[in-house]
Amino acid sequence: PALDPELMFKQGFLNDVFEERPKKPVTTRFPPEPNGFLHIGHAKAITVNFGFAKYHGGKCYLRYDDTNPEAEEEKYFTAIEEMVRWLGFSPHKITYSSDNFQKLYDLAEKLVGQGNAYVCHCNDDEIKAQRGGEEHGDRFRCSHADQSPETNLEEFRGMRDGKYKPREAFLRMKQDITDGNPQMWDLAAYRVLEKPHHRTGSKWRIYPTYDFTHCLCDSFEGITHSLCTTEFVQSRVSYEWLNKTLGVYEPMQREYGRLSITGTVLSKRKIMKLVTEKYVRGWDDPRLYTLIAIKRRGVPPGAILEFVNELGVTTAPSVIQLVRFEQTIRRYLERTVPRLMLVLDPIPVIIDGAEELEVDVPFSPKNPAMGSHKIKFTPTVYIDRSDFREEDNKDYFRLAPNKTVGLLHAPYPIKAVSFSKDETTGKVTEVRAVFDKETKKPKTFIQWVATESRTAEVRIYNSLFKSEKPDNADGGFLNDINPDSEIIYPNAMIETGFDEVKRRAPWPEAAGESELGRGGPESIRFQGMRVAYFAVDSDSTDSKVVLNKIVSLKEDAGK
Ligand code: ATP
Ligand code: MG
Ligand code: MG
């Protein structure tokens, strides 16, 4: 199974978190800001939150933390939900922080009434000075902090009603500036933003901050365990302060380590650059590590869960090399997908004296439950250009003049007799061969396809960047782009077994998994024997198959 509860929930960090507050039903939330596409790091957050609730028989909300109208767009909402479901999780409910704007506003008024918030008109420099430090001396409060609750209420309503332009006024919580933690230094609760919101239109001109919104929305939803990443450790104190001060239900915030991947970039700004400058096809380009890209590439959702599971959840960040992620994907595919013969760059081999016959080929030598299929062996077969050499050599074990090689699943090995070349390109155009019935055990077997086969455009991917740390490259990450990150084979051929692989995708009976990931072209996956793992790309049409390489068969093969 992709998620092993023993490993993930019954021990370690998530077990401790539960033991600390063994409250049922466990209620969690995954709270993305809809300002970009999710990436591999978010898969950890999704697995932690949805998985933890599911394990304890509880519920998990998908909450769009949509309080910043400046950065949010409709398309992100849909993509985020799709990815959560693709990973096999169902939100208990889909909620929006913005649904609580009125409730949040009322609580802000309450805070003001209590004398625990004030409207401040200071500018950035003034605020900086108030925060103290070497340059500024002791921390202090501005005079706005002395205003009466009545004045603050009037001012806050003024903010709401359009009396102030952005930055002219903001609501500050009156916390504890003697606390060593900057999260207690009178944080902003509301700011004026003259931007229409995609859900509430122009109803509001003031919007609550993360620090004000998050803990309260958690409270409204009855979140028992609010799990977030460790950059919020310092925020725990303000999170607790606000709920306590307002006397509302208090969820418990705990923090786990982020997941990051080396050898790629995950930041929105950088991916945007790759997209707009056309280094990649789009946000879902299979060389990227957004979840939509990983999905398009054909990585099964179960492999992602398995990856997160293997890394475990602790308070330490996980900084993981791409090869390690690929290793998990490869292991997962090895036991879950059928095998087919595919030839990237075909050359015909005419076998003199051979006759057409039918051979029965298992879909997986390791898993008989996958069954078998019949393919034709034809007197002309196609092999990969790289499996033939014009000149033999004793360290070479594939096809060459006078040399014998095995053809996988074929009745006999073949021996090349002669070949022809195109005068202008110098490329081999045809090989003539005969069966070699004497050689019982050829040293090497190669894959082939019959004359009756399917054609495809195959996109072979290598790492998008040359180094493990693209950000450290001289002149920035764009200077680290690998010019060979995508190699296209426009005329590849696949054996006819592909039709059945397509029909039965995603082979859940073999994966021992549910319907996870069924549906899209990317769920049609197979191992191209001796080549790589492949999935069908969304660029495919009725008349043209496009395949993506998911991962290589062995760790070094893809370099
Ligand atoms: P980014 O800036 O990379 O998009 P973010 O923290 O702004 O990340 P949000 O949309 O706010 O992303 O994230 C939703 C949830 O996912 C948060 O709880 C956040 O802690 C978590 N999350 C984001 N990135 C990671 C990561 N790399 N590893 C684990 N969890 C993450
Ligand atoms: Mg984000
Ligand atoms: Mg964020």
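1. The axes of helix 12 (residues 301–311) and helix 13 (residues 322–336) come within 9 Å of each other and cross at roughly 125 degrees. That angle makes helix 12 oblique to helix 13, since angles from 65 to 115 degrees would count as roughly perpendicular and those over 145 as roughly antiparallel. Bear in mind as you look at this that the model is predicted.

2. On handedness, the crossing of helix 12 past helix 13 is right-handed. From helix 12, the contact uses Gly302, Ala303, Glu306, Phe307 and Glu310, and helix 13 answers with Phe325, Thr328, Ile329 and Tyr332.

3. Now the domains. The protein splits into domain 1, covering 1–256, and domain 2, covering 336–559. Taken over C-alpha atoms, the centres of domain 1 and domain 2 lie 51 Å apart.

4. Next, the ligand site. Ligand 1 has 14 residues around it, and the closest are Pro32, Gly41, Ala45, Thr229 and Arg258. By type, the shell around ligand 1 holds 6 nonpolar, 5 polar and 3 charged residues.

5. Which element gives the most to the shell around ligand 1? That would be helix 3, with 4 residues.

Technical notes:
Residues are numbered from 1 along each chain as its sequence is written. Chains are lettered from A and ligands numbered from 1 in the order in which they are written. This is a predicted model: local features need pLDDT of at least 70, side-chain atom pairs count only at pLDDT 80 or more; totals for chains, interfaces and linings use all residues. A residue is near a molecule or strand if its C-beta atom, placed from the backbone, lies within 6 Å of it. Helices (H or I, at least four residues) and strands (E, at least two) are DSSP runs, numbered from the N terminus. Ala, Val, Leu, Ile, Met, Phe, Trp, Tyr, Cys and Pro count as nonpolar, Asp, Glu, Lys and Arg as charged, and the others, Gly among them, as polar. Domain bounds come from an automatic or database domain assignment. Axes are lines fitted to C-alpha atoms, for helices over the stretch in contact, and angles run from 0 to 180 degrees between N-to-C directions. Angles under 35 degrees count as roughly parallel, over 145 as roughly antiparallel, 65 to 115 as roughly perpendicular and the rest as oblique. A crossing is left-handed if the near helix is turned anticlockwise from the far one by less than a right angle, and right-handed if clockwise. Two residues are in contact if their C-beta atoms, placed from the backbone, lie within 7 Å.
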